[in-house]
Structure formats: C-alpha cells, structure tokens
Amino acid sequence: MHESFSEDKYAEGMNYEWNRPFFEQVEFPKDLCLITRSKIQFDYYENFFGHIMSGKFLSSMEQVNALQDYVIANLEVVSTKGKPKVNGLFSL
C-alpha cells in the first residue's frame, strides 16, 4: 500500500505516518495504490490497520449509514508493473 505507484515501491515497506496505530490524528491520503502480485477476488478485506472494500460493498455500507466514523480513500489496485488488477472501484 503506497501513496503512488512506482515499480520500486512493491518491495518497500509502508513507512507512512497514516499506517501506524492511531494514537494521534494524522491526515489520511485521499488516494492510495495497492501494488500486488496476488489475484484480487474479494469485496472486503481487513489489513493495513484498515479495511479494503470494493465499490459495491462500499455502496452497501453507505446505504445503511455504517461508515460515518471512517475516513475513506480511493484505492487503485495494480500489478508490480502498474497494470490494473481489478475492474471497478476499490476503497480503503
């Protein structure tokens, strides 16, 4: 999970202030990039001190007003070469 894509970032750790346990409030990016070699076949996944969800799942959660206490970022899911790995929108 990174703030932008480059081929070198796949092997880098996530050394961002927003990726630490939240003892203090930190500005969360509006857009993030998940660089992966894995096949993405889920609507909901919990990791990175957060929740990754498909646009379909996000829409369902918004309809029942379940996300008012969360900060949401757009998530681009790409391969290590920068090619899209999913169809549609994902969010974190």
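Reader: Is serine 54 buried or exposed?
Author: The model is a predicted one, so the answer rests on computed values. A residue counts as buried under 20% relative accessible area. Serine 54 has a relative accessible area of 5%, so the residue is buried.

Reader: Which residue's side chain forms a polar contact with the side chain of serine 54?
Author: Serine 54 lies in strand S3, which covers residues 50–54. Leaving aside residues up to four places away in sequence, serine 54 touches Leu89, Phe90 and Asp43. The side-chain polar contact spans 2.8 Å, and the partner is aspartate 43.

Reader: Which strands are the edge strands of the sheet?
Author: The sheet is open and has five strands, with mixed pairing. Its order is S1-S4-S5-S3-S2. An edge strand pairs on one side only, and that holds for S1 and S2 (44–47).

Reader: In which sense do S2 and S3 pair, and over how many bridges?
Author: Strands of a sheet pair through backbone hydrogen bonds, in either a parallel or an antiparallel sense. Across from methionine 53 in S3 stands tyrosine 44. For S2 and S3 the sense is antiparallel, and the number of bridges is four.

Reader: What pattern does the chain follow along the sequence?
Author: The chain contains five strands and one helix. Read along the sequence, the pattern is β-β-β-α-β-β.

Reader: What is the radius of gyration of the chain, and why is the chain called as compact as a globular protein of that length?
Author: For 92 residues the globule rule gives 12 Å, and the value for the chain is close to that, so the chain is as compact as a globular protein of that length. The C-alpha atoms fill a box of roughly 40 × 35 × 20 Å along the principal axes. The radius of gyration is 13 Å.

Key
Residues are numbered from 1 along each chain as its sequence is written. This is a predicted model: local features need pLDDT of at least 70, side-chain atom pairs count only at pLDDT 80 or more; totals for chains, interfaces and linings use all residues. Side-chain values use heavy atoms; hydrogens and water are left out. Helices (H or I, at least four residues) and strands (E, at least two) are DSSP runs, numbered from the N terminus. Buried means under 20% relative accessible area, exposed over 50%, partly exposed in between (1.4 Å probe, protein chains only). A polar contact is a pair of N or O atoms within 3.5 Å; within protein, one must be able to donate a hydrogen and the other to accept it, and residues adjacent in sequence count only if both atoms are side-chain atoms. Contact means heavy atoms within 4.5 Å. The radius of gyration is taken over C-alpha atoms; the globule rule is 2.2 Å times the number of residues to the power 0.38. Two strands pair if DSSP finds at least two bridges between them.
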